[in-house]
Every structure is written in C-alpha cells, then in structure tokens.
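Visitor: Please show me the model, and then let us discuss its details.

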Amino acid sequence: MKVTDALDGALSTLVERPVAILPAYLIGQSAGTVARTLPLLGLFVVYLLALSRGRIDALEDALEETDPTLLRGRRGRSIPRP
C-alpha cells in the first residue's frame, strides 16, 4: 500500500462519511474536560464529608486563633501589612 492510497482513503472517509469521525472528535474534545472535572468533584466530596462530620468548625476555630501578622511569606520574609 502506498502512502497516497492511505491518504486518499482517509480523505474519502472524511468527505463521504463525516458521521463516522464525529464520535472520535467528541471523545477527544471531552477528555480534557473530564480530566479537569474529576479532581474538582473529588474536592467537593471531601468538603461535604468534612462538613457533615463537623471538621470544618474545628478548622475555622484554628484559623480564627491564628495571628496573620506572624505568618511568613516566601523565603522567610514577613507578609507586609496593608
């Protein structure tokens, strides 16, 4: 089989039966969306579990007790006050 024969076959498939290519195109386009959505969905489930078990309240209490002026920024520099 020559390369031109393969190219002619691929081109005729695209021109004569574009419906045969559409599912592969849609799967290719949706793969990135699924890859971005699953971690967000996982984080949402973790948040709901923590909320239902009362662990969010403990986190809020710990954050309220923290003094933001004592936090350090990158490379040991303190975060400037506004």
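Visitor: What does leucine 49 count as at 43% relative accessibility?
Guide: This is a predicted model, in which local features need pLDDT of at least 70 and side-chain atom pairs count only at pLDDT 80 or more, while totals for chains, interfaces and linings use all residues. Residues are numbered from 1 along each chain as its sequence is written, and side-chain values use heavy atoms, without hydrogens and water. Buried means under 20% relative accessible area and exposed over 50%, with partly exposed in between (1.4 Å probe, protein chains only). At 43%, leucine 49 is therefore partly exposed.

Visitor: Which helix holds leucine 49?
Guide: Helices are DSSP runs of H or I with at least four residues, and strands are runs of E with at least two, numbered from the N terminus. The chain has 3 helices and 0 strands. Leucine 49 lies within residues 22-52, that is, in helix α2.

Visitor: Where is the kink in α2 centred?
Guide: α2 has 31 residues and spans 43 Å from its first C-alpha to its last, close to the expected 45 Å (1.5 Å times one less than its number of residues). Its kink is about 30 degrees, the bend being the angle between axes fitted to the seven residues ending at a residue and the seven starting there. The kink is centred on serine 30.

Visitor: Which element has the highest mean pLDDT?
Guide: pLDDT is the predictor's confidence in each residue, from 0 to 100. The chain has a mean of 80, and 84% of its residues reach 70 or more. Among its elements, helix α1 has the lowest mean, 82, and the highest, 88, belongs to α2.
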